[in-house]
Amino acid sequence: MRVFLLLVVALLSACGGGGGSSSGAVTAGSSVASASISVSDPVTVGALPAMSDALVVGDHIVVRSRSDSFNTVNGKPVYAATRLSVVDSQGKLLSTTDYGFTLAAGYTGEWQMMPSPDGFVMVQASAGTRLLHFDAQARLIGTASDLYPAGDYAPAENGGVADGNGFWLATTFSLLPVTDKTQYLLKLCKFDFNGKQLTPPFTLSTSALHPRVAAAGGAVLAGWLEGGGAMLGMWANGAGAPTIRSVGTGGAQPYPVALNGAGKMGVLWNGKATTTAAGGVMGVALDTSGAPVLPSGRTDLTQETLSTNWAGNVRVADIDAHAFGGGLAIAGSVVGAFKAGDAVGDVLVLADYAVNAAPLSAQTPALLRFTLPGGAALGPSPAFRQMLFADHALLLAGDEAGVRAFYTKRIP
């Protein structure tokens, strides 16, 4: 059970463009390369099952994975994701600390990791807004603080992103007590790394779920689900009040993304493709008013498929992506035949798209398709993260068996 990674030099990143595609199979003791990407065989990164997240901190990586601590829910163990491990830029495990429930008593929800000047911070991503500080070696600094002290409203979900002198946090709040008719208020606020509010909390919605946020170059984009549809709230660079609009993702979760460092924003979603219908990984760039950039005469976003040439049905709903080098790089996996005559199985995909004035769906991707060593299948809940350095990237793929690192490079 190994996982696949997002693309070299940044998922959602970069490369710019164009032309052609190639494919190959990764097998033990060999590597595969396209015109723009090379991927090594994986190396095992210690015994770190169930990776939840990873972050580049200086010249190394911090991986967050499953703790040994758990609560029993309905007769089954539910583990905390509070093991923090330091890994070097080549994939070697340097140290690991299992914080268990010491970070938050009994908490088995998710955390949001974001870089900070002295290391990184973590904020609860569900059922709370506890803020924790860690140094670059994943050692806890000081004690926890709460971004929103207790009151009549309880924080339910958070999505955040670091941005210059602090981080943006989109938070849903429920009026207590929670019932089956509870609606969730969504607010967006920027905090400094000590938890001080840099902006007043701004109300985006009175009925929101699953907030996510992206920021770059003075622009901020939040996405959420509301009434069964996708919504966006966007502050363009230098704008005053945000533009709030619905987008037609067919009810799929919107993933806001920074397409470059100059504030150009976009949104991705999983269109749930089948063998008889379009879909798969979808996406659009946004103009300064938050409107999707579409081909002339087109209004239906369900035609904005980015994975047309991936040759299979998209395997995993979550989209892991990063802005890099002025372009868009996406990594994922599909269920399909690697080549004509092969049995249907898991195929990994790296695809780079240019970011310019044209719609994302109009770009011809640089594409690499490959299989895991020995044709192994992905685990039931794979997680993958692309860690970007100056001269290479490290693709981390994690599942119940542990974490593996793929050394990746973009070929000039």
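Analyst: Start with the aromatic rings. In this predicted model, Y148, F167, F173, F191 and F193 are linked into a cluster by ring pairs.

User: How many aromatic pairs are there by this rule?

Analyst: The count is nine aromatic pairs.

User: How is a pair of aromatic rings described?

Analyst: Two quantities are used: the distance of the centres and the angle of the planes. Take Y148 and F191: their centres are 5.8 Å apart, the angle between the planes is 90 degrees, and the pair is edge-to-face.

User: Where in the chain do Y148 and F191 lie?

Analyst: Y148 is in the loop between β14 (140-146) and β15 (153-163), while F191 belongs to strand β17 (residues 184-192). The two are 43 residues apart, and their pair links distant parts of the chain.

User: Are Y148 and F191 buried or exposed?

Analyst: Both Y148 and F191 are buried.

User: What kind of aromatic pair do F167 and F191 form?

Analyst: F167 and F191 are stacked, with 25 degrees between the planes and 5.8 Å centre to centre. The cut-off for this label is an angle under 30 degrees.

User: Which parts does the pair of F167 and F191 tie together?

Analyst: F167 lies in strand β16 (residues 166-175) and F191 in strand β17, so their pair ties together parts 24 residues apart in sequence.

User: Why do F167 and F191 count as buried?

Analyst: The label rests on relative accessible area, and buried means under 20%. F167 is buried because its relative accessible area is 0%. F191 counts as buried because its relative accessibility is 0%.

User: Which residue lies over the face of Y79?

Analyst: That residue is R66, at 4.7 Å from the ring centre of Y79.

User: Is A50 buried or exposed, and is A127 buried or exposed?

Analyst: A50 is buried because its relative accessible area is 18%, under the 20% cut-off. A127 counts as exposed because its relative accessibility is 56%, over the 50% cut-off.

Key: Residues numbered from 1 in each chain as written. Predicted model: local features only at pLDDT ≥ 70, side-chain atom pairs only at ≥ 80, totals over all residues. Heavy atoms only, no water. Buried < 20%, exposed > 50% of the residue type's maximum accessible area, 1.4 Å probe, protein only. Phe/Tyr/Trp six-rings, centres within 6.5 Å; stacked < 30°, edge-to-face > 60°. Helix = DSSP H or I, 4+ residues; strand = E, 2+ residues; numbered from the N terminus. Lys NZ or Arg CZ within 6 Å of the ring centre and 35° of its normal.
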